[in-house]
Amino acid sequence: MCAIVQDSSQLLFSWASGDQMDEHSQMLRSGSLQVRYEVFVHEQKVPLALEVDARDDYATTIHVLGVDHEQTPVCTGRLLRDDDSNEFHIGRLAVRKFARGKGYGAQLMFALEKYAISIGRQEGYSSIRLLLSAQEHAMGFYSRCGYEVVSGKRYLDVGIWHQDMCRELQI
């Protein structure tokens with residue numbers, strides 16, 4: 001866990017690696033998939049076969065789920081990492097429609113960054129680099145979170161325009 005619920009505007013975040021199979025991890029993954037299905041498959045019409053991929057089950061994948069004070073899944077994201085690297089890829093970031101505009105996306109980004117920093121520290125890195133493929137309509141949000149456009153080259157991913165963004169953090 002990385003946050004304690006202090007009031008109704010705060011979320012409780014928990015995480016699990018993609019290969020964990022204990023009860024808590026399975027509940028976290030189920031809540032995460034519920035949020036991803038609602039946002040990506042239902043709202044954005046991404047085919048389910050493209051939304052859920054093999055990386056979900058990698059030992060180096062970290063799933064993060066934010067729940068509200070009633071334990072309702074609100075937002076999710078995943079952190080991908082190659083071994084022996086200070087680079088992390090943030091992806092599958094989703095906030096349910098009813099919860100948007102309340103700062104939960106920023107709380108989620110902070111939780112993902114905090115987890116990546118803890119791994120970087122454990123492995124003795126002085127900095128980490130966080131990468132993401134931003135849907136163009138969300139680039140303003142990521143900019144406000146401190147991310148910068150990498151090249152400005154746009155590309156289609158599942159029919160949605162994206163651009164790569166990154167942020168380097170000193171630890």
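Modeller: A residue is called buried under 20% relative accessible area, exposed over 50%, and partly exposed in between, with a 1.4 Å probe and protein chains only. Please keep in mind that this is a predicted model, in which local features need pLDDT of at least 70 and side-chain atom pairs count only at pLDDT 80 or more, while totals for chains, interfaces and linings use all residues. Residues are numbered from 1 along each chain as its sequence is written, and side-chain values use heavy atoms, with hydrogens and water left out.

Biologist: In which order do the seven strands form the open sheet?

Modeller: Strands (E, at least two residues) and helices (H or I, at least four) are DSSP runs numbered from the N terminus, and two strands pair if DSSP finds at least two bridges between them. Such pairing goes through backbone hydrogen bonds, either parallel or antiparallel. In this open sheet the pairing is mixed, and the order is E1-E2-E3-E4-E5-E7-E6.

Biologist: Which are the edge strands?

Modeller: An edge strand here pairs on one side only. One end of the order is taken by E1 and the other by E6, so by the pairing rule of at least two bridges the edge strands are E1 (12–17) and E6 (148–157).

Biologist: At about what angle does H3 run to E3?

Modeller: Angles run from 0 to 180 degrees between N-to-C directions, and the axes are lines fitted to C-alpha atoms, for helices over the stretch in contact, where contact means heavy atoms within 4.5 Å. H1 lies across E1, E2, E3, E4 and E5, running at about 105 degrees to E3. H3 packs on the sheet too, touching E1, E2, E3, E4, E5 and E7, and its direction makes with that of E3 an angle of about 30 degrees.

Biologist: How many residues apart in sequence are the parts that Glu-43 and Arg-100 tie together?

Modeller: The two side chains meet in a salt bridge at 2.9 Å, N to O, a salt bridge being a side-chain nitrogen of Lys or Arg within 4 Å of a carboxyl oxygen of Asp or Glu. Glu-43 is partly exposed at 28% relative accessible area, and Arg-100 also counts as partly exposed, at 36%. Because Glu-43 lies in helix H1 and Arg-100 in the loop between E4 and H3, the separation in sequence is 57 residues.

Biologist: Is Asp-56 buried or exposed?

Modeller: Asp-56 forms a salt bridge with Arg-36, the closest N and O atoms being 3.0 Å apart, and another with Arg-78 at 2.6 Å. Arg-36 has a relative accessible area of 2%, and Arg-78 likewise has 2%. At 1% relative accessible area, Asp-56 falls under the 20% limit and is therefore buried.

Biologist: Which residues does Asp-53 contact, leaving aside its neighbours within four places in sequence?

Modeller: Asp-53 is found in the loop between H2 (48–51) and E2 (62–67), and its relative accessible area of 19% makes it buried. Its side chain reaches the backbone nitrogen of Arg-55 at 3.1 Å, within the 3.5 Å limit for a polar contact, which is a pair of N or O atoms where, within protein, one must be able to donate a hydrogen and the other to accept it, and where residues adjacent in sequence count only if both atoms are side-chain atoms. Beyond those neighbours, the residues in contact with Asp-53 are Arg-78 and Arg-92.
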